[in-house]
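I opened this notebook to record what I looked up in the structure, going from the whole chain to single residues.

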Amino acid sequence: MTDPRRLVIVEDDQMFAHTLRRSFVRRGYDVALARSPEELNDLLAFESFEYAVVDLKLGTASGLTCVQTLHAHDPAMLIVVLTGFASIATAVESIKVGACHYLPKPANTDDIEAAFSKVAGDASAPITAQPTSIKTLEWERINEALAETGFNISETARRLGMHRRTLARKLEKRQLR
């Protein structure tokens, strides 16, 4: 019998983490859960993993620090970032710090396993001209500023030149996790 594949899920939403864990266990993975960068560091002191699924926003912490920690621990680890903060800026940063893929929520186990399987890029991917809407550009700039400030809403609002309540309302509309 082969050894189970080792997976760590770094997610602060307990319900989602347990659902994802159950689904991966059914597929033959040995799964550990961490809810924060600190819990991840505790796990890595005693265990190693082949795969990781990391939420981009972990309460007030950034999942990018977890991706960086996981990649430093084992550069061969396949790391997928899940996010409700999908933007070009956070996707680029995720890949730069060591993720192999970046998926917007909602993503299911099939999507994540497919991402683990597609480590190499596809040079034949079609390039299409799609004009970017003003709302998308605004959303990407908000996400970029959030990432720059470590997800500090007050500082992000100040940098964007908008009232904190306005920014909070915009974030509420997107149901960020």
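I call a residue buried under 20% relative accessible area, exposed over 50% and partly exposed in between, with a 1.4 Å probe and protein chains only. The model is a predicted one, in which local features need pLDDT of at least 70 and side-chain atom pairs count only at pLDDT 80 or more, while totals for chains, interfaces and linings use all residues. Residues are numbered from 1 along each chain as its sequence is written, and side-chain values use heavy atoms, with hydrogens and water left out.

**Whole chain.** I looked up the overall figures and noted that buried residues make up 40% of the 177 residues in the protein chain. Taking helices (H or I, at least four residues) and strands (E, at least two) as DSSP runs numbered from the N terminus, I find 8 helices and 7 strands. With contact meaning heavy atoms within 4.5 Å, residues 24 or more positions apart account for 61% of the contacts with a separation of 6 or more.

**Cores.** I treat a nonpolar core as a set of buried Ala, Val, Leu, Ile, Met, Phe, Trp, Tyr and Cys residues joined through side-chain atoms within 4.5 Å. The largest has 31 residues, and those with the most contacts inside it are Val8, Val10, Leu40, Val54, Leu70 and Ile79. Elements that give two or more residues to this core include β1, β2 (29-34), α6 (134-148) and α8 (164-173), and the largest share, 4 residues, comes from α3. A second, separate core of 17 residues includes Leu7, Val31, Tyr51 and Ala107.

**Glu11.** I then asked where Glu11 sits. Its place is in the loop between β1 (5-10) and α1 (14-26), and Glu11 is buried, with a relative accessible area of 2%. A polar atom of the Glu11 side chain lies 3.0 Å from the backbone nitrogen of Asp13. Beyond its neighbours within four places in sequence, the contacts of Glu11 include Arg35, Asp55 and Lys105.

**Leu33.** Strand β2 holds Leu33, which at a relative accessible area of 27% is partly exposed. Leu33 and Leu43 are 10 residues apart in sequence and 8.7 Å apart in space, C-alpha to C-alpha, and Leu43 is one of the residues in contact with Leu33.

**Helix α8.** The buried residues here are Leu167, Ala168 and Leu171. Seen down the axis of α8, they fall within an arc of 100°, so they line one face of the helix; the arc is that of the directions from the helix axis to the C-beta atoms. The face turned away from this buried side carries the exposed residues Arg165, Glu172 and Lys173, and what covers the buried residues includes α6 and α7 (153-160).

**Aromatic rings.** Rings of Phe, Tyr and Trp (its six-membered ring) pair if their centres lie within 6.5 Å, and planes under 30 degrees apart count as stacked, over 60 as edge-to-face and the rest as tilted. My search of the whole structure gave 3 aromatic pairs. The rings of Phe24 and Tyr29 have their centres 4.9 Å apart and their planes at 85°, so this pair is edge-to-face. Tyr29 and Tyr51 are also edge-to-face, at 5.6 Å centre to centre and 75° between the planes. Tyr29 lies in strand β2 and Tyr51 in strand β3, so their pair ties together parts that are 22 residues apart in sequence. Phe24, Tyr29, Tyr51 and Phe116 form one aromatic cluster.

Definitions and conventions:
Polar contact = N/O pair within 3.5 Å; in protein donor to acceptor, adjacent residues only side chain to side chain.
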